[in-house]
Amino acid sequence: MPIYEIVFYVFSLVMLGGAVMVITVRNPVYAALSLVLTFFSASAIWMLLEVEFLAIILILVYVGAVMVLFLFVVMMLDINVDPLKEGFIRYLPAGIVVALLMAGELLVVMWSKGRFEAGSYPIPAASPVEYSNTKAVGELLFTEYLLAFEVAGIVLLVAIIAAVALTLRQRPGGHRQNPSLQVRVQRDERVRLVKMKPEPRQGS
Amino acid sequence: MNNGNMLLAAPEFWVLIMACVILIVDLFLSKERRGIIHMLAMLTLVFAAIITARGDYGTGGLASETAFNGSFIRDSMGDVLKLFSYLILGLVYIYSKFCLRQFRMFRADFYTLSLFALLGVMLLISANSLVTIYLGLELISLSSYALVAYDRDSKMGSEAAMKYFVLGSMASGMLLYGMSMIYGATGTLDLQQIAAAVSELGSDNYLLIFGLVFLVVGLAFKLGVVPFHMWIPDVYQGAPVATTLFIASVPKMAAFAMAFRLLQTGLSDLQHDWSQMISILVVLSIILGNLAAIAQTNIKRMLAYSTISHMGFVLMGLLPGTASGFGAGMFYVIVYSMMSAAAFGMIILLSARGVEADKIDDFKGLNQRNSWYAAVMAMVMFSMAGVPVFVGFFAKWLVIKAALDAGLFWLAIVAVVFSVVGAFYYLRIVKLMYFDEPVSEAEIDAPVDFRAAISLNGIMMLGLGIFSSSLIAICMASFGA
């Protein structure tokens with residue numbers, strides 16, 4: 001068995017295990033950490049496919065930013081998960097039906113003729129040593145998908161505006177600094193010179 | 001690598017630049033001078049209209065042209081829909097300025113968010129690839145979620161925004177799932193290439209059909225047709241009336257364009273399949289929308305159910321897959337947006353002292369308080385009900401005629417019967433206005449631009465009805481019918 005097959009199977013098994021843990025463990029923090037494990041293994045498998053850029057982005061964005069944020073939320077909000085799990089038995093039949101439907105759909109998709117057939121994806125030839133993944137992705141983003149790339153940026157901008165518009169509140173009694181006033185302040189406004197009579201030293 | 005003539009997207013660039021300008025300018029304005037924001041927004045719309053209407057910076061005038069590697073298309077349908085989007089957004093701004101001032105919510109956020117939503121509408125109208133469709137849609141949705149929660153202290157508003165957000169995200173997910181299947185089957189995101197690949201694959205490909213089902217579900221969510229309509233009444237009722245006015249008018253035109261691009265440009269070979277799915281949606285929407293509207297006492301909720309039935313009619317135009325059907329659908333959606341803008345404008349007009357006039361009873365005896373406004377509202381209601389001479393009648397008539405031409409007699413019969421049922425609740429408003437005693441004697445007062453806009457909007461219902469042929473001709477010509 002070649003080494004990359006061993007690597008593939010090991011990481012796939014870890015990934016599946018992590019994914020199962022996400023939904024089975026009771027503690028939400030452990031669930032979030034299992035999700036990190038899942039992302040990590042997925043990124044290793046991407047590495048195996050020679051898509052280094054996407055693999056690193058997956059770790060940076062999902063593990064580094066999204067999951068850490070998620071952990072923060074889980075820890076800070078102190079969500080009680082037990083009520084969320086109520087009615088498990090009651091919703092089980094519906095859940096099983098949906099799961100079976102999804103599984104059936106996936107099977108139909110995999111067996112249908114076309115691009116999802118295993119035969120339509122031959123093993124790609126290894127890229128030359130100096131091949132740069134990042135450059136290829138960048139070239140596509142800024143040429144073929146230019147419009148999509150720009151619009152995605154606008155969507156993020158709107159998300160920021162919306163978040164600020166919905167949460168920014170100026171409380172009436174709040175203490176805020178006004179840099180402009182602070183800079184323009186005159187000496188007279190802050191320093192008061194007081195004339196005092198000299199007092200005799202005490203105790204002498 | 002061929003980005004083509006990027007200037008085709010000049011109106012989009014302009015709207016984007018101005019939205020950012022307004023965002024910055026607002027930081028430097030004191031509270032009293034925020035009126036400038038309104039003027040800037042109106043200016044944006046006027047110049048966008050001029051840029052769009054010039055139209056000859058492409059080579060071929062009205063011929064369709066693509067740019068950005070085929071992810072953006074400019075054609076006459078897109079141009080007409082964009083022009084009407086500017087017009088209706090202009091009305092929305094005039095109405096909502098009055099409303100926002102009254103409710104002490106006059107902030108620049110409303111303008112920036114709705115301009116970004118307009119940008120989404122324009123991109124969606126001009127989308128020629130699955131990615132552009134999805135991104136345009138997300139731009140509209142994100143801005144709309146924030147606009148629904150615009151009144152931050154309103155519990156109803158927050159609840160509505162939450163429902164809208166959760167269901168909207170689910171719909172986006174469905175749409176993406178369908179898109180991924182279509183992409184998997186055809187191997188391309190470009191709608192024209194998808195059409196070519198579909199005709200090669202044949203219409204009995206399982207993968208394509210599955211993808212189509214999810215696409216139609218996502219579309220139905222966004223249009224708000226039965227059985228994916230649950231969010232519409234709650235969102236319309238819970239959102240501040242200025243927002244309801246916006247989300248009930250402009251984005252509907254984008255939704256129509258999106259349905260046309262996805263179903264006709266991309267998947268016209270599957271017309272047999274999607275017309276079956278859509279006919280179910282149409283029948284259910286027209287029946288449920290009209291029946292449920294009768295039971296409402298809140299006029300925003302009543303108009304929400306009426307929207308559901310109107311969207312059923314719009315989809316009915318798409319159903320036959322013929323050029324005249326698409327033209328009818330487009331005419332319907334434009335007319336609907338105008339009627340909806342006028343109806344919500346009237347609610348804003350009657351609202352006073354920070355209380356929304358969202359009860360049907362608030363319209364009681366309007367004729368005695370101000371007979372002109374009562375006449376305007378009556379014209380809008382007659383038009384919505386589809387009374388002849390008013391423009392709503394021609395919209396319904398064209399759509400039903402398209403269905404009849406395609407041999408869909410039972411569908412036409414359902415549509416006619418339930419239009420008559422629906423006429424009941426529209427005419428009830430007219431009856432309340434003319435034959436009931438007013439609940440309040442308060443003077444109805446509004447700024448002059450508001451009065452001019454609502455009067456014009458009301459007269460358009462009658463004027464466009466009498467001179468409907470030119471607008472119909474424009475819509476039909478967009479599809480070469």
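Reader: What radius of gyration does chain B have, and what would a compact globule of 481 residues have?
Author: Note first that this is a predicted model. A compact globule with 481 residues would come out near 23 Å. Chain B agrees with that, because its radius of gyration is 21 Å.

Reader: What box do the C-alpha atoms of chain B fill?
Author: The box is taken along the principal axes. Its sides are roughly 70 × 55 × 40 Å.

Reader: How many helices and strands does chain B have, and what percentage of its contacts comes from residues 24 or more positions apart?
Author: Chain B has 20 helices and 2 strands. Count its contacts with a separation of 6 or more. Residues 24 or more positions apart account for 81%.

Reader: What percentage of the residues in chain B is buried?
Author: Buried means under 20% relative accessible area. Of the 481 residues in chain B, the buried ones make up 64%.

Reader: How do the rings of Phe110(B) and Tyr111(B) pair, and which aromatic cluster holds these two residues?
Author: Over all chains, the structure holds 24 aromatic pairs. In the pair of Phe110(B) and Tyr111(B), the centres are 5.9 Å apart and the planes stand at 85 degrees, an edge-to-face arrangement. Phe110(B) counts as buried because its relative accessibility is 0%, and Tyr111(B) is buried at 0% too. The cluster is Tyr93(B), Phe106(B), Phe110(B), Tyr111(B) and Tyr150(B).

Reader: Are the rings of Phe313(B) and Tyr332(B) stacked or edge-to-face?
Author: The ring centres of Phe313(B) and Tyr332(B) are 5.6 Å apart. Their planes are at 5 degrees, so the pair is stacked.

Reader: Which helices does the pair of Phe313(B) and Tyr332(B) tie together?
Author: Phe313(B) and Tyr332(B) are both buried. They are 19 residues apart in sequence. Phe313(B) sits in one helix and Tyr332(B) in another, so the pair ties together α13 (residues 299–318) and α14 (residues 323–350) of chain B.

Reader: How far apart in sequence are the parts tied together by Lys97(B) and Asp449(B)?
Author: The two side chains meet in a salt bridge, 3.5 Å from N to O. Lys97(B) counts as buried at 15% relative accessibility, and Asp449(B) is partly exposed at 26%. Lys97(B) lies in helix α3 and Asp449(B) in helix α19, so the pair ties together parts separated in sequence by 352 residues.

Reader: Which residues are linked with Asp234(B) in a network of salt bridges?
Author: Asp234(B) meets Arg301(B) in a salt bridge of 3.1 Å, N to O. Arg301(B) lies in helix α13 and Asp234(B) in helix α9, so the pair ties together parts 67 residues apart in sequence. The network links Asp234(B) with Glu159(B), Lys163(B) and Arg301(B).

Reader: Which helix supplies the largest share of the nonpolar patch on chain A?
Author: The patch has about 980 Å² of accessible area together, and its residues include Met1(A), Val10(A) and Leu48(A). Helices α1 (3–24) and α2 (28–48) each supply at least two residues. Val10(A) is in helix α1 and counts as partly exposed, because its relative accessibility is 44%. The largest share, 7 residues, comes from α1(A).

Technical notes. Residues numbered from 1 in each chain as written. Chains lettered and ligands numbered in written order. Predicted model: local features only at pLDDT ≥ 70, side-chain atom pairs only at ≥ 80, totals over all residues. Heavy atoms only, no water. Patch = residues over 30% accessible without salt bridge, like charges linked within 9 Å, V, L, I, M, F, W, Y side chains within 5 Å. Areas by Shrake-Rupley, 256 points an atom, 1.4 Å probe, with all protein chains shown as cover. Salt bridge = Lys/Arg side-chain N within 4 Å of Asp/Glu carboxyl O. Helix = DSSP H or I, 4+ residues; strand = E, 2+ residues; numbered from the N terminus. Buried < 20%, exposed > 50% of the residue type's maximum accessible area, 1.4 Å probe, protein only. Rg over C-alpha atoms; globule rule 2.2 N^0.38 Å. Contact = heavy atoms within 4.5 Å. Phe/Tyr/Trp six-rings, centres within 6.5 Å; stacked < 30°, edge-to-face > 60°.
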